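Colleague: I am new to reading structures. Could you take me through the words used for this one?

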Amino acid sequence: MKRRIVISLFVLAALVASGCAEAQKYTAEELQLRKEIGQLLIVGMRGTEISDTNHIVRDIEEYNIGGVILFEYDVPSHSRPRNIASRDQLQKLCSDLKRRSGGALLIGIDQEGGRVSRLKQNYGFPEFPSAKKSASEGDKSVREAARLTAATLASLNINLDFAPCVDVDINPDCPVIGKLERSFSGDAKRVARCGAIWVEELQKKGVVACLKHFPGHGSSKNDTHLGVADVSDTWNLSELEPYKTLIADGDVAMIMTTHVFNAHFDSVYPATLSYKTLTGLLRDSLHYDGVIVTDDMAMGAMTQQYNLEEALTLTLLAGADMLCLSNNGAEYNADIVPQVVDMLFSKVKEGVIPAERIHDSYGRIQRMKKAFGIGD
């Protein structure tokens, strides 16, 4: 017995020493920087429940990630369910995620209605109309759809909806907007009106609304999920109107970038990586000081042109605050969080990314979370 106790104490001492050695790698200032970098990440995960062996627990508890994004379908394995199997299951998953983070986690989902509904009827959820359908039936229908969405998400402990889509329906044949009925209308003023209703109803229920896709995807002929989409010859100035109107209203907590290339704003980089677009246009010209989140960095428009390190560095330098790492593109990487935290930490230490760029984004994220009672 005495020998067993001695061995146990020896093992314990070794573990403590190992932990101390790990902590001593970084100064208090560096540990804070790594914590802030973690908050910039919104990460995809596999599983309809969490356990101590799921990497997302590590990512929340050790790397301080800012949020998760939930999906119904797992693209890399071409299978379902990924995160959603039933109402009760999803509610428990979100509750467990919330508990693991002390309530400080953004739990996000793409729930627009119509074709972009992660919450499907066969999982026990109601039917959610498309943006186009509800808008065609008048403001009352738009409000009913927004209220149903807000109430459903709030009941599930989901506190971030990557909606409304405020792209103007310039090209009804756009494979990723018009054809999927994701746009409310071809009239920019109507889009702004419907977008305002959605923001109001979601945020009444404590669900962060996220306008997308800045500065406009509705005129494109191609799908950024699959590759480059150049809107230089099709983009219309009216596509900025919903953003101008809603930002002026002062209630926009989050805006998502698009990966389209638009030479009107930048002749080199697509919007997500463009300082001229995110800082020059959105921050400086439109006076937006809320959180900017990237569209999924695993989409073809990014991965076919840039490696992950280059893309993440460029988008942070451009002015993005949160990075969407869906883990739902061509491949799944369970270690994407530690890899990205190490990568961005090194970029700051090397002077490639100014530390102030990280601090500014971290501050915006914390102000938004505080405003919505996330983490209180």
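Modeller: We go from the whole chain to the sheet, then to helix pairs and single bonds. This is a predicted model, where local features need pLDDT of at least 70, side-chain atom pairs count only at pLDDT 80 or more, and totals for chains, interfaces and linings use all residues. Residues are numbered from 1 along each chain as its sequence is written, and side-chain values use heavy atoms, with hydrogens and water left out.

Colleague: How many helices and strands are in the chain?

Modeller: The chain has 13 helices and ten strands. Both are DSSP runs numbered from the N terminus: helices are H or I with at least four residues, strands are E with at least two.

Colleague: What radius of gyration would a compact globule with 376 residues have, and what does the chain have?

Modeller: The rule, 2.2 Å times the number of residues to the power 0.38, goes with a radius taken over C-alpha atoms. For 376 residues a compact globule would come out near 21 Å; the chain has 21 Å, so the two agree. Along its principal axes, the C-alpha trace spans about 80 × 50 × 35 Å.

Colleague: What makes E9 and E10 edge strands?

Modeller: Start with the order: E9-E8-E7-E6-E3-E2-E1-E10, eight strands in an open sheet with parallel pairing. Strands E9 (291–293) and E10 (323–325) each have a single partner strand, so one side of each is left without a neighbour in the sheet.

Colleague: How do you know that E6 and E7 pair?

Modeller: Pairing needs at least two bridges found by DSSP. Two bridges join E6 (residues 160–161) to E7 (residues 208–214), so they pair, and they run parallel. Leu 160 stands opposite Val 208 in E7.

Colleague: Why are H6 and H7 called roughly parallel?

Modeller: Two packed helices are described by the angle between their axes and the distance between the axes. Axes are lines fitted to C-alpha atoms, for helices over the stretch in contact, and angles run from 0 to 180 degrees between N-to-C directions. Under 35 degrees is roughly parallel, over 145 roughly antiparallel, 65 to 115 roughly perpendicular, and the rest oblique. H6 (residues 139–155) and H7 (residues 188–204) cross at roughly 30°, with axes that come within 8 Å. Therefore they count as roughly parallel. The contact of H6 with H7 divides into nine nonpolar, one polar and eight charged residues.

Colleague: What makes H2 oblique to H12?

Modeller: H2 (residues 28–39) and H12 (residues 336–349) pack at about 125°, with axes 10 Å apart. That angle makes H2 oblique to H12. Contact means heavy atoms within 4.5 Å. Among the residues that meet are Leu 33 and Ile 37 in H2, and Leu 344 and Phe 345 in H12. By class, this contact has six nonpolar, one polar and four charged residues. Nonpolar covers Ala, Val, Leu, Ile, Met, Phe, Trp, Tyr, Cys and Pro; charged covers Asp, Glu, Lys and Arg; the others, Gly among them, are polar.

Colleague: Why is H11 called oblique to H12?

Modeller: The axes of H11 (residues 308–318) and H12 cross at roughly 60° and come within 11 Å. That makes H11 oblique to H12.
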